[in-house]
Amino acid sequence: MTVVEFREYCLSFPGVTEKMPFTTHKDPRARDILCFYVGSKWFCLVNIEFFDRCCVKLTESVTADMRDRYDGVKPAWHMNKRYWSDVYFNSDVPDNLIYELVAHSYKVVRESLPKREQLLQ
């Protein structure tokens with residue numbers, strides 16, 4: 001999978017927008033973070049220069065299961081580790097499962113939006 005393919009997949013969900021909110025961050029690596037939003041909340045983050053992993057929000061049960069089953073699913077750095085996971089590309093996590101986890105993250109975040117905001121999506 002390439003960064004272009006991954007980006008196109010994330011943008012294929014209804015109501016998704018993208019932003020690079022950390023372009024002025026003091027950490028140069030943070031400046032290349034692309035965030036995918038549904039409504040006002042992000043559901044996936046990826047570094048477009050390194051493109052080594054994505055960060056997704058999962059339910060607690062899915063988080064626990066994925067971390068138990070795959071070495072390439074780890075607690076996300078600088079995020080709530082109970083829900084957010086870094087999923088490494090080119091690891092033991094197949095690309096089709098990465099896409100499923102991104103879709104799961106989209107659903108989890110979309111359902112957490114206020115009802116009024118959900119209707120706009």
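**View 1. Strand S3 gives the most to the lining of the largest pocket, with 4 residues.** This is a predicted model: local features need pLDDT of at least 70, side-chain atom pairs count only at pLDDT 80 or more, and totals for chains, interfaces and linings use all residues. Residues are numbered from 1 along each chain as its sequence is written, and side-chain values use heavy atoms, with hydrogens and water left out. Strands are DSSP runs (E, at least two residues), numbered from the N terminus. The largest pocket holds about 500 Å³ of space. S3 and S4 are the elements that give two or more residues to its lining. A pocket, on a 1 Å grid over the protein atoms alone, is an open set of points with protein on both sides within 12 Å along at least five of seven lines; lining residues have an atom within 4 Å of a point. Grid points are joined across faces, edges and corners, and a volume is the space filled by probe spheres set on the points.

**View 2. The lining of the largest pocket numbers 18 residues.** Ala 30, Ile 33, Leu 45, Trp 77 and His 78 lie nearest the centre of the pocket. By class, the lining has 10 nonpolar, 3 polar and 5 charged residues. Here Ala, Val, Leu, Ile, Met, Phe, Trp, Tyr, Cys and Pro count as nonpolar, Asp, Glu, Lys and Arg as charged, and the others, Gly among them, as polar.

**View 3. Strand S3 pairs with S2 and with S4.** Strands pair if DSSP finds at least two bridges between them. S2 (residues 33–38) runs antiparallel to S3 over 6 bridges. Val 38 stands opposite Lys 41. Their hairpin has 2 residues between the strands, and Gly 39 takes a positive phi near 65 degrees. On the S4 side (residues 53–57), the pairing is antiparallel over 3 bridges. Val 46 stands opposite Cys 54 there. This hairpin has 5 residues between its strands, with Phe 51 in the turn at a positive phi of about 40 degrees.

**View 4. The largest cavity is lined by Met 1, Phe 51, Phe 89, Asn 90 and Asp 95.** A cavity is a set of grid points where a 1.4 Å probe fits but cannot get out. The whole structure has 1 cavity of 30 Å³ or more. About 40 Å³ of space lies in the largest cavity. Its lining has 3 nonpolar, 1 polar and 1 charged residues.

**View 5. Ser 85 sits in strand S6 (residues 84–88).** Ser 85 is buried, with a relative accessible area of 0%. Its side chain makes a polar contact with the side chain of Arg 67 at 3.0 Å. A polar contact is a pair of N or O atoms within 3.5 Å; within protein, one must be able to donate a hydrogen and the other to accept it, and residues adjacent in sequence count only if both atoms are side-chain atoms. Not counting residues up to four places away in sequence, Ser 85 touches (heavy atoms within 4.5 Å) several residues, including Cys 54, Val 56, Leu 58 and Val 73.

**View 6. Arg 31 lies in the loop between strands S1 (16–19) and S2.** At 34% relative accessibility, Arg 31 is partly exposed, the class between buried and exposed (over 50%). A polar atom of its side chain lies 3.3 Å from the backbone oxygen of Lys 26.

Methods
Buried < 20%, exposed > 50% of the residue type's maximum accessible area, 1.4 Å probe, protein only.
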